[in-house]
Amino acid sequence: MAADRNLDDFAWWQSGVVYQVYPRSFQDSNGDGVGDLPGLLARLDHLVTLGVDAVWISPIYPSPMADFGYDVEDYTGVHPLFGTMEDFDRLVAAAHERGLKVILDYVPNHSSDRHPWFVASRSSRDDAKRDWYVWRDPAPDGGPPSNWLSEFGGSAWEWDEATGQYYYHAYLKEQPDLNWRSPEVRAAMLDALRFWLDRGVDGFRVDAIHHLIEDEQLRDNPPNPGWREGMSPTRRVIRIHTMDQPEVHDAIAAMRRVVDSYSGDRLLIGEAYLPIDQLMAYYGTDLSGFQLPFNFHLLSTPWEAKALAALIDQYEAALPPGGWPNWVLGNHDRSRVASRLGKAQARVAAMLLLTLRGTPTLYQGDEIGMTDVPIPPHLVQDPWEKNVPGLGLGRDPARTPMPWDGTPGAGFTSGKPWLPLGPEATRVNVTAQAADPGSKLALYKALLALRRVEPALSVGSYRRVSAEDDVLVYERAHGGRRLWVLLNLGRDLAMVDAPVEGAHIRVSTHLDRDGEPVAGSVRLRPNEGVVIGP
Ligand code: GLC
């Protein structure tokens, strides 16, 4: 068998861990109740102590905030709410000094309707930028050109009285879709990448990439026989003509060429919620696409040993040659893991995330076990919840401010936070958990530290050992070192065979068994996971 490669032979984003900051809710520095870049800078050491490698920052660009920054008014600016370009440069320098990479969010599918490009485009049918967006004549009956639906509810077509055409928006009407079939749009959007790469960013998380291109013939999407009352209205149709169109790969490859033309291992991560077989195409022909097309399948797979083992096997088997895996347990769009699985099981989930083969992405606050905060109707901010209320689609509960300490503003703000802190903030906060050796934060730190000293856990091979009842067991190996991960996904005690010679417990989710020798089998308490190894 060929010797394993040295850790140094891997790119930083292969062995590293990404941490997502939702900047509105990370740290406020000026008392306006909204997080900002100086705040993030002041908290960078939290990321260092935690032990992650890169920070991905959700959008910080000028924006009317119809979709909280995912409606960009200027791709090469900083919103005054977040600070200035000088603040941004300082942040990048401070991150780099600490050995942290900086990844920005890039939103190519749509701009804000206030972007000067769209303002020009809608000004007249003859404007030079008319075809920078997707404009179409009405259907013969005067209605929208097709049955396409917006992700956030209602038709995806918005009528423009002044110029007598509809424009397409996959998301809000305030987020008109850019027309990536226009070479000028492409050039302008690739320039935006260059702008930030020149300022030293290490990569981008590319937003909503599966929506980038739609069917040119505007064919109707077929009805979805699986749709039921209570599901998102956009799922009434199967989005075969509005998502995952083949031309998207050419656009991604163009983005990748720009990123690759810069020194260092710059990274492109793609956001595409797609089944595994479709997702694989986003690595691109001969890996010319994203280095990491986000793998969101842990968010939707039933939390059962057999289902998880099957997911991991299916994903590993589907990867293209040389394609690097990655895993996600939470983000600013989904219910928090501690709410989905419960607090005790969220510890097991953390162990899974940080011991699977591939790059993990952590969402801010999950490291202290934040749960979804119920938002009373009068405080709702998310446009999705406002457009389609009551279905549980709103994303505010997972976006509440990070509690740093037990004071009234939780150390997040001296003012009134833009979303409520939630009832747990006085207990579930960074300061309290830093002082508690058994805390969720301590577990994350222990797992990240173990991952750093044991390359088997970051870049090693993966082998399923067993998935029986509630217990999932797998092996990670590298450079002659073998580690086993034993996860009890259930509420019963479990005895697990572990014939690993000379092994002991390296870490338990309960943080109270370090160094315990393993003699042939391991007893797992309810909701307990352990990593065993030499
Ligand atoms: C992505 C973002 C989400 C945003 C949407 C539209 O899914 O993660 O927050 O609303 O794209 O940009």
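Patches are made of residues with over 30% relative accessible area and no salt bridge, where like charges are joined within 9 Å and nonpolar side chains (Val, Leu, Ile, Met, Phe, Trp, Tyr) within 5 Å. This is a predicted model, in which local features need pLDDT of at least 70 and side-chain atom pairs count only at pLDDT 80 or more, while totals for chains, interfaces and linings use all residues. Residues are numbered from 1 along each chain as its sequence is written, and side-chain values use heavy atoms, leaving out hydrogens and water.

With Asp and Glu counted as negative, a negative surface patch is made up of Glu304, Glu468, Asp469, Asp470 and Asp492. Glu468 belongs to strand β12, residues 461-468, strands being DSSP runs of E with at least two residues. Glu468 counts as exposed because its relative accessibility is 52%, and the cut-offs are over 50% for exposed, under 20% for buried and partly exposed in between, with a 1.4 Å probe and protein chains only.

Strand β18, residues 529-533, is mostly covered, since 5 of its 5 residues are buried. In a regular strand the side chains alternate between the two faces of the sheet. In β18, Gly529, Val531 and Gly533 are buried on one side, and Val530 and Ile532 are buried on the other. Strands pair if DSSP finds at least two bridges between them; β14 (residues 481-488) runs antiparallel to β18 and is joined to it by 4 bridges, and β16 (residues 504-508) also pairs with β18 in the antiparallel sense over 4 bridges. Val531 in β18 has Val485 opposite it, and Val507 also stands opposite Val531.

Finally, Arg357 sits in the loop between α11 (343-355) and β11 (359-363), and Arg357 is buried because its relative accessible area is 16%.

Notes:
Accessible areas come from the Shrake-Rupley method with a 1.4 Å probe; for residues, only the protein chains shown count as cover. A salt bridge is a side-chain nitrogen of Lys or Arg within 4 Å of a carboxyl oxygen of Asp or Glu. The place of a charge is taken as NZ of Lys, CZ of Arg, CG of Asp or CD of Glu.
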